[in-house]
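Take a first look at the chain below.

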Amino acid sequence: TGYYNSGNASNMSSYGKDGKYEKHGIHNQPNTAMLYMVLLIGPFVLAYALRMLKTSRYLGKIPRRFLGDFGIAFSILAFVMVDHFLFPSIHSDMIDAPSGIVTSKPRAWLIDPLDGMSAGHIFGAFVPGLLVAFLVFVETQVTCLICCSPDHKFQKIGGYHWNLAVVAMYSLFCSFTGLPWMCGTPVPSLSHTQSLLQINKNVAPGEKPKIEGAYEQRLTNILIHGFIALSLAPPVAWLLRQIPIAVIMGVFLYLGFCNILTLQFTQRCILMLIPPKHHPDDAPYVRHVGTIRMHIYTFVQIICFGILIVFKMTKAGLVFPLMVGLMVPLRDYVVGYFYSDKELHALDPHGPVDSDDEGDIDEQETIMPA
């Protein structure tokens with residue numbers, strides 16, 4: 001069993017199961033840690049099981065597809081009921097959803113950027129502002145590149161410059177209103193893109209299904225953000241306040257896990273634990289790069305990833321965008337000195353890799369329906 005200790009009664013507050021804003025004293029809340037783990041792991045396991053059910057032989061085709069497409073919604077509903085009906089006496093933090101369009105703190109909607117700022121502060125903000133701008137640029141462009149992969153066979157152009165211009169204008173607007181800056185997010189964007197793919201499964205026996213294209217439209221994006229705006233309505237906000245934060249964290253864990261499995265970096269990390277005779281022959285990084293050299297490159301990437309995590313999780317997070325930018329010359333000039341262009345293209349391509357394998361379509365099945 002775990003115990004929840006507020007530590008400082010004056011600083012600890014959250015929404016309880018009754019939807020009211022509560023302040024918790026020093027007293028302990030038994031089993032809170034255990035319940036949090038159940039609500040975190042449960043939705044992840046259930047959503048992943050329903051996703052695997054979609055490609056299994058159980059039930060019929062229509063029930064399988066229905067349960068697989070809406071597995072996340074069913075997982076959230078199931079564990080909200082578990083929290084409220086099986087453990088009503090155990091405290092769990094709920095989503096803090098406002099009823100209406102309000103600021104997080106009492107203040108005016110427009111912010112004076114020069115209020116209380118000296119000339120030194122204004123010029124001193126240039127360096128961190130430049131780092132944040134670089135981070136927003138990288139997040140937006142990486143998301144666009146991933147979603148507009150040639151494997152998806154889009155007919156319309158990517159519009160990278162226009163996307164960046166819209167993000168820049170919106171960030172300027174958010175700066176004057178004190179709202180969070182927005183940028184592209186790879187996980188939900190890729191999930192939405194994959195849900196719109198047109199996959200032809202009428203292929204010869206032994207061949208993998210092929211991606212023929214995608215439904216390129218704006219309706220789903222408009223509906224998604226329309227439903228987000230609907231969450232501000234008082235009845236919907238009340239429903240959101242009944243969802244434990246742990247359940248939402250479990251959904252995020254599921255989305256990240258399903259997307260990370262399709263990354264070449266993850267696949268090469270797994271190959272480090274598999275004997276070379278069992279490596280896939282159709283993978284470009286196996287065909288064009290020696291096993292030892294492939295593992296060395298993967299190990300360098302693991303070290304770089306660990307360094308980025310350290311900077312991200314500590315007080316040195318201010319220079320995190322700079323560290324991300326330094327990975328580019330490290331890859332091109334330092335690591336590139338020991339690897340040929342052909343090897344780098346197979347291990348970490350800037351664009352698509354020439355290969356007859358279009359990937360496991362089952363892994364590219366929709367993670368969340370459009």
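What covers the buried residues of H10? The cover includes helix H1 (32-54), helix H3 (71-86) and helix H7 (186-195). Keep in mind that this is a predicted model.

Start with the helix itself. H10 runs over residues 245-260 and has 16 residues. From its first C-alpha to its last it reaches 22 Å, close to the 22 Å expected at 1.5 Å a residue. Now pick out its buried positions. Ala246, Val247, Ile248, Gly250 and Val251 are buried in H10, and so are Tyr254, Leu255, Cys258 and Asn259. An α-helix has 3.6 residues a turn, so residues three or four places apart point the same way.

The largest nonpolar core has 18 residues. Those with the most contacts inside it are Leu39, Ile72, Ile76, Ile243, Val247 and Tyr254. H1, H3 and H10 each supply at least two residues of this core. H10 gives the most, with 7 residues.

Finally, turn to a loop. Ser231 lies between helix H8 (219-230) and helix H9 (234-240). A polar atom of the Ser231 side chain lies 2.4 Å from the backbone oxygen of Ile228. Leaving aside residues up to four places away in sequence, Ser231 touches Val236, Ala237 and Leu240.

Notes. Residues are numbered from 1 along each chain as its sequence is written. This is a predicted model: local features need pLDDT of at least 70, side-chain atom pairs count only at pLDDT 80 or more; totals for chains, interfaces and linings use all residues. Side-chain values use heavy atoms; hydrogens and water are left out. Helices (H or I, at least four residues) and strands (E, at least two) are DSSP runs, numbered from the N terminus. The expected span of a helix is 1.5 Å times one less than its number of residues. Buried means under 20% relative accessible area, exposed over 50%, partly exposed in between (1.4 Å probe, protein chains only). Contact means heavy atoms within 4.5 Å. A nonpolar core is a set of buried Ala, Val, Leu, Ile, Met, Phe, Trp, Tyr and Cys residues joined through side-chain atoms within 4.5 Å. A polar contact is a pair of N or O atoms within 3.5 Å; within protein, one must be able to donate a hydrogen and the other to accept it, and residues adjacent in sequence count only if both atoms are side-chain atoms.
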